[in-house]
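Below is a short report on one protein chain. Please look through the sequence and the 3D structure before reading on.

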Amino acid sequence: MTYQITAPLLDACVLGIVNKEDSYGYTLTQKVRELVDISESTLYPVLRRLQKENCLITYDMPYQGRNRRYYSITEEGRLRLAYYRIEWMEYKEKVDMLLQDKPAASGNSGTANKSGTRGGGIG
């Protein structure tokens, strides 16, 4: 992928996954890796940090004679996720405006047109 994922965006992705269902580390990593090229060694510090910031809690469940550590979102995590969702929508809208082919709906407010000249003057 061309674009780098930032720490807050990775936090938002993790919180979004865990908000849908509790997950253990390996499956969480696999879900993130389906969309973003990261390593497991990148994700575990994120999980520890979100846990330290009271956004996630953990619990262990036995599975085939071993314990799996599951991550569950907290109320603080849900609040953080809601904040990230708002921030993401604002950021995405701004980038979409820059990348779209047609001019912004605001009109000729001094921006350069396709010929490279500045608009907004009279004839």
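Where is the place of Asn54? Asn54 sits in the loop between α3 and β2; helices (H or I, at least four residues) and strands (E, at least two) are DSSP runs, numbered from the N terminus. The model is predicted, so local features need pLDDT of at least 70 and side-chain atom pairs count only at pLDDT 80 or more, while totals for chains, interfaces and linings use all residues. Residues are numbered from 1 along each chain as its sequence is written, and side-chain values use heavy atoms, with hydrogens and water left out.

**Loops with positive phi**

Asn54 is not a glycine, although its phi is positive, about 60°. Gln64, in the loop between β2 and β3 (66–73), is also a residue other than glycine, and its phi is positive, near 50°.

**Exposure**

Buried means under 20% relative accessible area, exposed over 50%, and partly exposed in between (1.4 Å probe, protein chains only).

| Residue | Relative accessible area | Class |
|---|---|---|
| Leu47 | 0% | buried |
| Asp60 | 37% | partly exposed |
| Met89 | 43% | partly exposed |
| Gln64 | 69% | exposed |

Leu47 belongs to helix α3 (residues 40–52). Asp60 belongs to strand β2 (residues 56–63). The C-alpha atoms of Asp60 and Tyr24 are separated by 9.0 Å, with the two residues 36 residues apart along the chain.

**The largest pocket**

The largest pocket holds about 1000 Å³ of space. A pocket is an open set of points on a 1 Å grid over the protein atoms alone, where a 1.4 Å probe fits, with protein on both sides within 12 Å along at least five of seven lines; lining residues have an atom within 4 Å of a point. Grid points are joined across faces, edges and corners, and the volume is the space filled by probe spheres set on the points.

The lining has 30 residues, and those nearest the centre of the pocket are Ile5, Leu9, Cys13, Trp88 and Tyr91. Two or more lining residues come from each of α1 (7–20), α2 (25–33) and α4. The largest share, 12 residues, is given by α4. By type, the lining has 19 nonpolar, 3 polar and 8 charged residues. Here Ala, Val, Leu, Ile, Met, Phe, Trp, Tyr, Cys and Pro count as nonpolar, Asp, Glu, Lys and Arg as charged, and the others, Gly among them, as polar.

Met89 is found in helix α4 (residues 75–99).
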